[in-house]
Amino acid sequence: MENELTEQLRQSDCVFTHGGKFHADDVFSYALLRMIHPGLLVRRGNEVPQDFTGIVFDIGGGAFDHHGNDEKKRENGVPYAAFGLLWQQLGTAVLGDEKQAEKFDFRFVQPLDQNDNTGEPDEIASLIADFNPVWDADEDTDAAFLRAADFAEQILERKFSYIKSNIRADEAVKPYLAQASDGILVMDQYLPWKKAVEKEEGIAFVVFPSNRGGYCAMSVKDSVLKETKCPFPAEWYGKRDKELAEISGIASLRFCHKTGFMLTADEKEDAILACRVSREKEKKSRIFWMRVKKAFRKKKSRRNVISRDHSRHFRA
């Protein structure tokens, strides 16, 4: 997805930002621009040259400078810095998804913008700041800026790679969701499934090949309560191999996590069976407690009726 800024960027050989001490804001801004246009050069200085026609950021009072009186803020009140202003225009084009660009702004860009505008501590901003030469070093600041930009670019590359892979995974999970039954989603390959599955209220378990061999079964968390919808039976917790197989009655179960959210099995069919057994136990447990609560409410209602009858009797 292209826009006017990306077109301008691709036609540029060089961008300009301020000189001297650098911060995460200007470093990540350059790293982002260079990712879109590999080989892009940067000039740094205290004043923008009058004949400079490329993109200018964090200096000069233009569209990507945030030091003027006309401070721009997001709807949540977080002020923009240069990185945020650039991301606002480039994020969707970089990730190919507007919602993911907004999420990345909230989780990654905004803390850096906040740090640059207010000094609020941020670990990544602190790491970038450490690339500045120490006070008594005979070191070129521009060279240090480029080293910091290399580091920042690696961070962005990994972040973008994971985000894009998750977008692909959401699409890849859909056919499996269509085939899910009994609240169990079964996949024949590992995919990052949590974001796609958390929207599906009817899915309680996910089964997939384990990277350690065999199969893994995991209980899905309720997106509101943040608790597993249906944990494995408590008597399985922390058990392994023969002991787990004997307790569960399922031959190839190998391990159940001590908190009951995950187990492994040698055979896919046994992993699925473990999920079904757990669902049945949970259903029975819920039915039992629903009956208990219903009985309690009935008894309470009867006591209230008897109490009212007694009151009427004594008043009479």
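## A buried loop residue

Ile 59 counts as buried because its relative accessibility is 13%; buried means under 20% relative accessible area, exposed over 50%, and partly exposed in between (1.4 Å probe, protein chains only). Ile 59 sits in the loop between β2 (41-45) and α3 (82-95). Helices (H or I, at least four residues) and strands (E, at least two) are DSSP runs, numbered from the N terminus.

Beyond its neighbours within four places in sequence, Ile 59 contacts Phe 16, Thr 17, His 18, Gly 45, Asn 46, Glu 47, Val 48 and Asp 65. Contact means heavy atoms within 4.5 Å. Asn 46 is 13 residues away from Ile 59 along the chain, and their C-alpha atoms are 8.2 Å apart.

## Basis of the model

This is a predicted model: local features need pLDDT of at least 70, side-chain atom pairs count only at pLDDT 80 or more, and totals for chains, interfaces and linings use all residues. Residues are numbered from 1 along each chain as its sequence is written, and side-chain values use heavy atoms, with hydrogens and water left out.

## Overall make-up

The protein chain holds nine helices and seven strands. Of its 316 residues, 41% are buried. Among contacts in the protein chain with a separation of 6 or more, 56% come from residues 24 or more positions apart.

## Packing of α2 on α6

How do α2 and α6 pack? Helix α2 (residues 24-36) meets helix α6 (residues 141-179) at an angle of about 65°, and their axes are 8 Å apart. Axes are lines fitted to C-alpha atoms, for helices over the stretch in contact, and angles run from 0 to 180 degrees between N-to-C directions. The crossing of α2 and α6 is right-handed. A crossing is right-handed if the near helix is turned clockwise from the far one by less than a right angle, and left-handed if anticlockwise.

On the α2 side, the contact residues are Asp 26, Val 27, Phe 28, Tyr 30, Ala 31, Leu 32, Arg 34 and Met 35. Their partners in α6 include Phe 145, Leu 146, Ala 149, Asp 150, Glu 153, Leu 156 and Phe 160. By class, the contact of α2 with α6 has 14 nonpolar, five charged and no polar residues. Here Ala, Val, Leu, Ile, Met, Phe, Trp, Tyr, Cys and Pro count as nonpolar, Asp, Glu, Lys and Arg as charged, and the others, Gly among them, as polar.

## Salt bridges

There are twelve salt bridges in the structure. A salt bridge is a side-chain nitrogen of Lys or Arg within 4 Å of a carboxyl oxygen of Asp or Glu. One of them pairs Glu 153 with Arg 34, with the closest N and O atoms 2.7 Å apart. This pair links distant parts of the chain: Glu 153 lies in helix α6, Arg 34 in helix α2, 119 residues apart. Glu 153 counts as buried, at 15% relative accessibility. Arg 34 is buried too, at 13%.

Glu 139 and Arg 147 form another salt bridge (2.1 Å, N to O). Glu 139 is partly exposed at 34% relative accessible area, and Arg 147 is partly exposed at 38%. Glu 235 and Lys 281 also meet in a salt bridge (3.5 Å, N to O). Glu 235 is in the loop between β5 (215-219) and α8 (241-248), and Lys 281 is in helix α9, 46 residues apart. Glu 235 is partly exposed at 38%; Lys 281 is partly exposed at 40%. Shared partners join the salt bridges of Arg 34, Asp 150 and Glu 153 into one network.

Asp 270 belongs to helix α9 (residues 268-315). Not counting residues up to four places away in sequence, Asp 270 touches Ile 250, Ala 251, Ser 252, Leu 253 and Ala 265.

## Positive phi angles

Most residues other than glycine have a negative phi. Asp 182 has a positive phi of about 55° although it is not a glycine. Asp 182 lies in the loop between α6 and β3 (184-186).

Asp 241 also has a positive phi, of about 45°, and is not a glycine. Asp 241 is in helix α8. Asp 241 counts as partly exposed because its relative accessibility is 39%.
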